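How are two of the helices in this model oriented to each other, and which residues make the contact? The paragraphs below take that pair, then a salt bridge, then the confidence of the prediction.

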Amino acid sequence: TRRSSDLEKHLYAAVAKLSPAEINLMTSLYLCDDPIGQREYARRHGVAVTTINHQLTVALKKLKKMLPN
């Protein structure tokens, strides 16, 4: 539908304004054809899952502020 198409445009525009690391995180977890989980992302990057969870929380808060209600 048109509304979902508009929302998708807003979402991708907002994601583009994130830092490169946040874009990579969001793409890997949600936006790619074969998304991975937080645990796998953490393993691949050699960091704790709690670190990824925190980074994701920060990125999602930024996106929420950028997206229309």
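Helices are DSSP runs of H or I with at least four residues, numbered from the N terminus.

Ala21, Asn24, Leu25, Ser28 and Leu29 of H2 meet Gln38, Tyr41 and His45 of H3, where contact means heavy atoms within 4.5 Å. By class, this contact has four nonpolar, four polar and no charged residues.

Three salt bridges are found in the whole structure, each a side-chain nitrogen of Lys or Arg within 4 Å of a carboxyl oxygen of Asp or Glu. One of them joins lysine 62 and glutamate 22, at 2.9 Å from N to O. The pair links distant parts of the chain, with lysine 62 in helix H4 (residues 49–66) and glutamate 22 in helix H2, 40 residues apart.

The mean pLDDT (the predictor's confidence in each residue, from 0 to 100) is 93, and 99% of residues reach 70 or more.

Residues are numbered from 1 along each chain as its sequence is written, and side-chain values use heavy atoms, leaving out hydrogens and water. Local features need pLDDT of at least 70 and side-chain atom pairs count only at 80 or more, while totals for chains, interfaces and linings use all residues.

Technical notes: Ala, Val, Leu, Ile, Met, Phe, Trp, Tyr, Cys and Pro count as nonpolar, Asp, Glu, Lys and Arg as charged, and the others, Gly among them, as polar.
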